[in-house]
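Subject: Handover of a structural model

Dear colleague,

Please find below the structure that I am passing on to you. I would be grateful if you kept it open while reading the notes that come after it.

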Amino acid sequence: MRGTKGALRGWALAIPAIGLIFLQMGENKQNRSRNELFFQLILHLAAFLFYAYDRNTSEIPSYTYAFFFTYAVAAFFINYYLLNRYLYQKKYRQFAIGVILTIGVIIIAEELVLEPIYFPDTRARSFPGLVMTLIPIIPVITILVGFKFGWDALAKQSEVENLRLAAKESELGFLKSQINPHFLFNNLNNLYAYAIEQSPKTPEIILELSSVLRYMLYDCQSKYVSLSKELKHIENFVNLSSMQIEDRGTVQQKIMEVDGSYQIAPLILVVFIENAFKHSTASQSKDIDIQLSIQVDDSGQLQFHCQNSYREQSNTTSLSKGIGLENVRKRLELLYPEQHTLSITQDNDTYQVNLQLQLHQNGAA
């Protein structure tokens, strides 16, 4: 029998820790409440096994249930009133006073009610002292309140993580939504200019613009997209943007072919390319030079290089202050923390962007 009770005591050590796992199983408030109820049941069972364990007897005396019930009621009051009303509101003094008064009520209930009923001829005849009285009370209250406090702390941490994730997704959605109008505004201006001139390239521009917008509206709504699709979109974008240069300069692009094993956040690289075209064409009437290179090594490291010429004396806005670049910086920080290196340099009449980015494998993002 002693071995059996020892095993029960061992299980009592594990039950509260196992119960905390159920906190992670609650996907909504109703499930969390149900899991907390189950957790409290196994926690009280574990605490009772600790309290009732006695190596000198094989039976649990009836008075044990009455005394433990008193402790459980007191712990319930502390857990669901004092913690919420005072401790979590940072009213530490009121919380401490409340706990002391609660323990005082337990002592009074034991000395004036329970002991006269169960021990009228022994313990009820004298008060053993405050320390001796607190010895069986404090461990049980500490277990029941301590694990409840731990449960609430984990629940609060889970809420904070969910809020942080929701805020991150909201910010990413906002940043991405700003890119499409920015791009559309620039290209509609170009299309308008060709239409005014009745250029024969107008239908071709409309087709290219339709292809690019289709990708931006339908294919890149996910957090990550296939790298091969993104590079195809970039090629279409470069073809569309190159039409506005005509004989005023050259556009060189070197985009390596990749398989479908890598993913990338959509509409990041294209922002740098868009700015290169925007500011080169706005600041120069000739000798425009735009160079683009995108390569991926065997480790999934993307090497992006974009270089464009510009005239500093023109009235164009600095590239580093554009809304598109500010957005892409924030998206890189959110999506690729410590997984990217971005360098933007300005040297005489050349502007360069170099980006190293660790790509995600399909299904690993």
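The model is predicted, so local features were taken only at pLDDT of at least 70 and side-chain atom pairs only at pLDDT 80 or more, while totals for chains, interfaces and linings use all residues. Residues are numbered from 1 along each chain as its sequence is written, and side-chain values use heavy atoms, with hydrogens and water left out.

Helix α4

Helices (H or I, at least four residues) and strands (E, at least two) are DSSP runs, numbered from the N terminus. Helix α4 covers residues 92-118. Its 27 residues should span 39 Å at 1.5 Å a residue, and the 37 Å between its end C-alpha atoms agrees with this; the expected span is 1.5 Å times one less than the number of residues. The helix has a kink of about 40°, centred on glutamate 110, where the bend is the angle between axes fitted to the seven residues ending at a residue and the seven starting there.

Burial is stated by relative accessible area: buried is under 20%, exposed is over 50%, and partly exposed lies in between (1.4 Å probe, protein chains only). Glu110 itself is buried, and the buried residues of α4 also include Phe95, Val99, Ile103, Ile107 and Leu114. An α-helix has 3.6 residues a turn, so residues three or four places apart point the same way.

On the surface, Ile108, Leu112, Val113, Ile117 and Tyr118 form a nonpolar patch with about 500 Å² of accessible area together. Such a patch joins nonpolar side chains (Val, Leu, Ile, Met, Phe, Trp, Tyr) within 5 Å, from residues with over 30% relative accessible area and no salt bridge. Areas come from the Shrake-Rupley method with a 1.4 Å probe. Tyrosine 118 is partly exposed, at 33%.

Strands

Strand β2 (residues 249-255) runs parallel to strand β4 (residues 288-296), joined by 7 bridges; two strands pair if DSSP finds at least two bridges between them. Threonine 250 has aspartate 289 in β4 as its bridge partner. β4 also pairs with strand β5 (residues 301-309), in the antiparallel sense and over 7 bridges. These two strands form a hairpin with 4 residues between them, and glycine 300 in the turn has a positive phi of about 85°.

Positive phi in loops

Most residues other than glycine have a negative phi. Glutamine 198 has a positive value near 55° and sits in the loop between α6 (137-196) and α7 (202-219). Leucine 267 has a positive phi near 60°, in the loop between β3 (262-264) and α9 (269-283). Glutamine 198 is exposed at 70% relative accessible area, whereas leucine 267 is buried at 0%.

Salt bridges

The structure holds 4 salt bridges, each a side-chain nitrogen of Lys or Arg within 4 Å of a carboxyl oxygen of Asp or Glu. One of them joins lysine 148 and glutamate 36 (2.4 Å, N to O). Lysine 148 lies in α6 and glutamate 36 in α2 (residues 29-52), so this pair ties together parts 112 residues apart in sequence. Lysine 148 is buried, at 4%, as is glutamate 36, at 15%. Another bridge links arginine 125 and aspartate 121 (3.6 Å, N to O). Salt bridges that share partners also join Glu36, Lys148 and Asp152 into one network.

With kind regards

Key: Patch = residues over 30% accessible without salt bridge, like charges linked within 9 Å, V, L, I, M, F, W, Y side chains within 5 Å.
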